[in-house]
Amino acid sequence: MNIFLNLKINLIIYEGCEFKVKVILKDNIKGVGKKDEVINASDGYARNFLFPKNLAVEANAENMSKLKAKQNSTAFKKGQEKEEAEKIADKMQKIMLTMHVRAGENGKIFGGVSSKEIAEELQKTYKINVDKKKIDLKETIKELGMRTVEIRLYEGVIAKLKVNVVSGK
């Protein structure tokens, strides 16, 4: 009996006239919290809304250890993805991407070189898959010559790619 009371005391915190229960949110809830966040919710709100709709679970020892393991796994995956992005960024620093386009006599390009074309050429020539939305190109390239283009590979990892636009197809 005494052990049961100790467990309940850990889960329920008395604040003023209402009881609070520690819960782990399973989904983002506007005005309450984000997924995998531990919050103090009122006892009635947790029992009558969060638990029946499967939006939260009790923050007991078992669920807290699962949450900690999940957070560690996510942090490890993010670390690996960032390392991979840094390797690709180092590889891109050494690349000189040459784009062959049709141009007039004065060096003006017919059309232009867009981020989509740069992404396709990277994929075709160097087998580097980059989303065209990650290529930071203010406007399409409309003149021949060298440009340095920034590519956002990952949060905090930006690669600089040299793009040489030359005449002839």
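Trainee: How do you know that the span of H3 is close to the expected one?

Mentor: H3 has 33 residues and reaches 48 Å from its first C-alpha to its last, close to the 48 Å expected at 1.5 Å a residue. The expected span is 1.5 Å times one less than the number of residues. Helices (H or I, at least four residues) and strands (E, at least two) are DSSP runs, numbered from the N terminus. One caution before we go on: this is a predicted model, in which local features need pLDDT of at least 70 and side-chain atom pairs count only at pLDDT 80 or more, while totals for chains, interfaces and linings use all residues. Residues are numbered from 1 along each chain as its sequence is written, and side-chain values use heavy atoms, with hydrogens and water left out.

Trainee: Happy with that. What makes the contact between Asp-36 and Lys-70 a salt bridge?

Mentor: A salt bridge is a side-chain nitrogen of Lys or Arg within 4 Å of a carboxyl oxygen of Asp or Glu. For Asp-36 and Lys-70 the N to O distance is 3.4 Å, so the pair qualifies under that 4 Å limit. The two residues are 34 residues apart, with Asp-36 in the loop between strand E2 (18-25) and strand E3 (38-42) and Lys-70 in helix H3 (residues 61-93).

Trainee: Why is Asp-36 called partly exposed?

Mentor: Buried means under 20% relative accessible area, exposed over 50%, and partly exposed in between (1.4 Å probe, protein chains only). Asp-36 has 23%, so it is partly exposed. Lys-70, with 38%, is partly exposed too.

Trainee: How many salt bridges does a search of the whole structure find?

Mentor: It finds seven. Another one joins Glu-121 and Lys-124, at 3.8 Å from N to O. These two are three residues apart in helix H4 (residues 115-126), and therefore separated by about one helical turn. Lys-124 counts as exposed because its relative accessibility is 58%.

Trainee: What makes Ser-115 buried?

Mentor: Its relative accessible area is 19%, so Ser-115 is buried. Ser-115 lies in helix H4. Leaving aside neighbours within four places in sequence, Ser-115 is in contact (heavy atoms within 4.5 Å) with Lys-132, Ile-135 and Leu-137.

Trainee: Which residues of H4 are buried, and how do you know that they line one face?

Mentor: They are Ser-115, Ile-118, Ala-119, Glu-121 and Leu-122. Seen down the axis of H4, these residues fall within an arc of 165°, so they line one face of the helix. That arc is taken from the directions from the helix axis to the C-beta atoms. What covers the buried residues includes H3, strand E5 (96-101) and strand E9 (145-154).

Trainee: Why is Lys-138 called exposed, and what is its salt-bridge partner?

Mentor: Lys-138 has a relative accessible area of 73%, so it is exposed. Its partner is Asp-136, with the closest N and O atoms 3.5 Å apart. Asp-136 is partly exposed, at 28%.
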